[in-house]
Amino acid sequence: LIALGELHIGAIRICDFGELCKIKQIFILPQYQGNGFAQEAIRLGETLYPDAVRWELDTILQEEKLCYLYEKMGYVRTGKTRMIKEGMDIVFYEKLK
């Protein structure tokens with residue numbers, strides 16, 4: 001849950017596999033996007049799992065703002081992509097501690 005005071009503005013889902021954690025979902029309500037809330041949620045999420053030495057996530061390649069966000073947060077493309085349909089590809093990221 002991502003909150004601004006008492007207001008729920010989004011959520012993040014992290015799966016913990018010990019030394020590997022995966023960010024499975026993150027979203028911020030549209031009216032709160034662009035204010036750093038996703039960055040802060042990722043930073044906080046990463047601190048909650050100190051044993052993780054590797055982080056993974058995937059997103060839609062054509063969603064340039066999401067790719068920019070993850071790259072800004074230190075995630076790098078693994079080189080793996082998967083086509084979902086014409087014009088929609090999944091790109092995979094990782095971050096090592």
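Ile90 touches Asp58, Thr59, Ile60, Lys80, Thr81, Arg82 and Ile84, once residues up to four places away in sequence are set aside. In this predicted model, Ile90 is found in strand E6, and it counts as buried because its relative accessibility of 11% is under the 20% limit.

**Strand E6: Ile90 and Asp89**

- The C-alpha atoms of Ile90 and Gly79 are separated by 11 Å, while the two residues stand eleven residues apart along the chain.
- Asp89 also lies in strand E6, which covers residues 88-96, and, not counting residues up to four places away in sequence, Asp89 touches Thr59, Ile60, Leu61, Gln62, Arg82, Met83 and Ile84.

**Helix H1: Gln39**

- Gln39 lies in helix H1, and it is classed as buried because its relative accessible area of 18% falls under the 20% cut-off.
- Leaving aside its neighbours within four places in sequence, Gln39 is in contact with Leu69, Lys72 and Met73.
- Leu69, a contact of Gln39, is also one of the residues closest to the centre of the largest pocket.

- Not counting residues up to four places away in sequence, Ala11 touches Leu1, Ile2, Gln25, Ile26 and Phe27.
- Ala11 and Thr78 are 67 residues apart along the chain, and 25 Å separates their C-alpha atoms.

**The largest pocket**

- The volume of the largest pocket is about 460 Å³, and of the 18 residues that line this pocket, the closest to its centre are Gln33, Gly34, Ala38, Leu66 and Leu69.
- At least two residues of the lining come from each of strand E3 (20-28), helix H1 (37-47) and helix H2 (64-72), and H2 provides the largest share, with six residues.
- Sorted by class, the lining of the largest pocket consists of eleven nonpolar, five polar and two charged residues.

**The chain as a whole**

- The protein chain has two helices and six strands, and, read from the N terminus on, its elements follow the order β-β-β-α-β-α-β-β.
- The radius of gyration of the protein chain is 14 Å, which agrees with the value near 13 Å that a compact globule of 97 residues would have.
- Along its principal axes, the C-alpha trace of the protein chain spans about 40 × 35 × 20 Å.
- Of the 97 residues in the protein chain, 33% are buried, and among them are Ile90 and Gln39.
- When contacts between residues at least 6 apart in sequence are considered, 50% of those in the protein chain join residues at least 24 apart.
- The accessible surface of the protein chain comes to about 6,500 Å², and 53% of this surface belongs to carbon and sulfur atoms.

Note on methods. Residues numbered from 1 in each chain as written. Predicted model: local features only at pLDDT ≥ 70, side-chain atom pairs only at ≥ 80, totals over all residues. Heavy atoms only, no water. 1 Å grid on protein atoms, 1.4 Å probe; cavity = no way out; pocket = protein on both sides within 12 Å on 5 of 7 lines; lining within 4 Å. Points joined across faces, edges and corners; volume = space filled by probe spheres on them. Helix = DSSP H or I, 4+ residues; strand = E, 2+ residues; numbered from the N terminus. Nonpolar A, V, L, I, M, F, W, Y, C, P; charged D, E, K, R; others polar. Rg over C-alpha atoms; globule rule 2.2 N^0.38 Å. Buried < 20%, exposed > 50% of the residue type's maximum accessible area, 1.4 Å probe, protein only. Contact = heavy atoms within 4.5 Å. Areas by Shrake-Rupley, 256 points an atom, 1.4 Å probe, with all protein chains shown as cover.
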